Amino acid sequence: MSNDSAEVTRPGGLTITVAGRPASRSLADINKLATQLVGHFADNVAPCHTLPGEQLHGDVTAVTQTCLRMAIEVLDQQTLPDEAQLAQLREAAAQWAREGVPLDTIIHTYHEGIKVGFDLIAAQASADDLPDLMSGFRLVMALLDTFTVAVSTAYVEEHHLVAGQHHSATQTLMSALLSGHTASAVARQTGLPVAQSYQVISMAIAPHPDELDPRVNTKIAARRKLRRVQSTLASMFNGRALTLLSNKGGTILVPADGDMPRLTGALLEELSATAEAPIIATQAVGSTDTIPNMAEETQELMDLVRAIRRPPGLYQMQDLLIEYQITRPGPARDHLAATLSPLENHPELLETLRVHLETGLNRKGTGRRMHIHPNTVDYRLRRITQTTGIDLALPEGISRAHIALLALELEQQATRPSA
């Protein structure tokens, strides 16, 4: 319906009353009622119970409170919300479109909220209140129509915009740079400025806890996490960072010219806090024409960091020089990995070796981690020495075990089917 006049009046313009008091009184405790409504949505609107908890208790609750205020104003003043008042609903709808919340879930929730609110008003009514009740019903139906038009229009517009962004000039620019096109050709093709040098970042984003919760719509949780990451990156780098990201990670190009900030360990911690998930990043900096090589290097570093189980953080080549060099594909790595091949049929020995190295050769710590007696740890270590020739009592044995285990894990990772 049109909202140009924003006028919905009853005959005589009298206050709508139920049981001798303004009908809006049943909705007056906005915070308490909003909490009850959100709980009702989670229990009774089928798709809502899969929304992430942060969304239900954040965005959905805030929008519910806004709707209740509008409903009270409509009942008291018999005037529909104006454009400025509806702006918050449009903004929320656009955000939910970006996060992939289904439109039918959103519309159903608005309808359910209006139904519950009107039921609260009608519960106090008697036969004498029927004329006022009918007037109130017409008002809330007009309000629901206004909500539906505003929300669905904003949702669809944002959905089209998001879909179009996949073919935007920035994505074209990034693809061109990663494929090695010359800077001048890229600038002509996209009409966007190209820096002389870039920080190339490979990023791995761990799942948000909600992505691991079977009660939650994990796709929405993943999109919310990704939206937070993208928003924070835009803020950190003044909107100039080029990103090719999924909810699991991807590649980022940050111009390294002038005063443009670079991703640091501290900024990565901030980004991880915003994502509410651990993040590993590897980086290299160089001229624009070396971007393809740097992208390959940072991805190799990422594979290495994950294979050797380094903690979340920011890494570059100088942090992993020895590990990188000794684990390059080739005969040397194959020989190192083969050192542990006798343990392939004894997975408990291989796991004991791995845990023992991770605990700093602490037999009691290894026993606690593996839930076995320290004497069992000693027995297994002796079998490892007998089977592989690696003696963890000697410094060279410890070094060889570390390197061989790293080579084995990298070889296994290289042959493991991609997810």
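**Notes on side-chain contacts**

1. Let me begin with Trp96, which sits in helix H3 (residues 83-99); helices (H or I, at least four residues) and strands (E, at least two) are DSSP runs, numbered from the N terminus. Trp96 is buried, at 6% relative accessibility. Here buried means under 20% relative accessible area, exposed over 50%, and partly exposed in between (1.4 Å probe, protein chains only). Between Trp96 and Asp59 there are 37 residues in sequence and 9.3 Å in space, C-alpha to C-alpha.

2. A word on the basis of these notes. This is a predicted model, where local features need pLDDT of at least 70 and side-chain atom pairs count only at pLDDT 80 or more, while totals for chains, interfaces and linings use all residues. Residues are numbered from 1 along each chain as its sequence is written, and side-chain values use heavy atoms, with hydrogens and water left out.

3. How many aromatic pairs does the structure hold? There are two, where rings of Phe, Tyr and Trp (its six-membered ring) pair if their centres lie within 6.5 Å, and planes under 30 degrees apart count as stacked, over 60 as edge-to-face and the rest as tilted. Tyr110 and Phe147 form a tilted pair, because their ring centres are 5.7 Å apart and their planes stand at 55 degrees. Tyr110 belongs to helix H4 (residues 103-122) and Phe147 to helix H5 (residues 130-165), so this pair ties together parts 37 residues apart in sequence. Both Tyr110 and Phe147 are buried.

4. Phe118 and Phe137 make an edge-to-face pair, since their ring centres are 5.4 Å apart with planes at 70 degrees. Phe118 is in helix H4 and Phe137 in helix H5, so the pair links parts 19 residues apart in sequence. Phe118 is buried, with a relative accessible area of 17%, whereas Phe137 is partly exposed at 33%.

5. Now the charged side chains. The count comes to eight salt bridges, each being a side-chain nitrogen of Lys or Arg within 4 Å of a carboxyl oxygen of Asp or Glu. One of them joins Lys225 and Glu211, with the closest N and O atoms 2.8 Å apart. Lys225 lies in helix H8 (residues 218-236) and Glu211 in the loop between strand S3 (197-205) and H8, so the bridge ties together parts 14 residues apart in sequence. Lys225 and Glu211 are both buried.

6. Arg90 and Glu83 also meet in a salt bridge (2.9 Å, N to O). Arg90 is partly exposed, with a relative accessible area of 28%, and Glu83 is partly exposed at 46%.
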